[in-house]
Amino acid sequence: MDISWWMYPLAIAAGCLAGFINTLAGNGSAVTLPLLVMMGLSPTVANGTNRVGVIIQSIITAFTFQKKGLIPKEGIWWMIIPSVLGALVGANIAVGLTEETMQLAMGILM
């Protein structure tokens, strides 16, 4: 995979924008997934790669909101546990999809 030099700053900027969007409203993947596919990753690999950033920013966001008092300390686990379970179910489903089906699903959901 040949990546031009200008793709690196573009990927960093897209990651920052996606993190900001995800924290406020969600669907920052609409920024990063097309970029990862444009960089030459298959839709399945792009989706998996994108999940790494999403889980990190979700954890940081949840604990930051809790620290600021916007989420009660005991309430944070009621958000984390279902998110992790949903991620596990989604990952198991995504692994079984063909590249064409994954591309179609991403196109519909984005």
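The second largest pocket is lined by 18 residues, and those nearest its centre are G15, T32, L36, N50 and G53. The structure is a predicted model, and its protein chain comprises five helices and zero strands. The largest pocket holds about 1,100 Å³ of space, whereas about 220 Å³ lies in the second largest pocket.

**Second largest pocket**
- Helices α1, α2 and α3 each contribute at least two residues to the lining of the second largest pocket.
- This lining consists of eight nonpolar and ten polar residues, with no charged residue.

**Largest pocket**
- A total of 37 residues line the largest pocket, and R51, V54, S58, S83 and A87 lie nearest its centre.
- Two or more lining residues come from each of α1 (7-24), α2 (29-38), α3 (43-67), α4 (77-95) and α5 (99-109).
- By residue class, the lining of the largest pocket comprises 22 nonpolar residues, 14 polar residues and one charged residue.

**Overall fold and dimensions**
- Along the sequence, the protein chain follows the pattern α-α-α-α-α.
- Its C-alpha atoms fill a box of roughly 45 × 35 × 20 Å along the principal axes.
- Among contacts between residues at least 6 apart in sequence, 48% join residues at least 24 apart.

**Burial and surface**
- The protein chain has 110 residues, of which 24% count as buried.
- The protein chain exposes about 7,600 Å², and carbon and sulfur atoms supply 73% of that area.

Notes:
Residues numbered from 1 in each chain as written. Predicted model: local features only at pLDDT ≥ 70, side-chain atom pairs only at ≥ 80, totals over all residues. Heavy atoms only, no water. 1 Å grid on protein atoms, 1.4 Å probe; cavity = no way out; pocket = protein on both sides within 12 Å on 5 of 7 lines; lining within 4 Å. Points joined across faces, edges and corners; volume = space filled by probe spheres on them. Helix = DSSP H or I, 4+ residues; strand = E, 2+ residues; numbered from the N terminus. Nonpolar A, V, L, I, M, F, W, Y, C, P; charged D, E, K, R; others polar. Buried < 20%, exposed > 50% of the residue type's maximum accessible area, 1.4 Å probe, protein only. Contact = heavy atoms within 4.5 Å. Areas by Shrake-Rupley, 256 points an atom, 1.4 Å probe, with all protein chains shown as cover.
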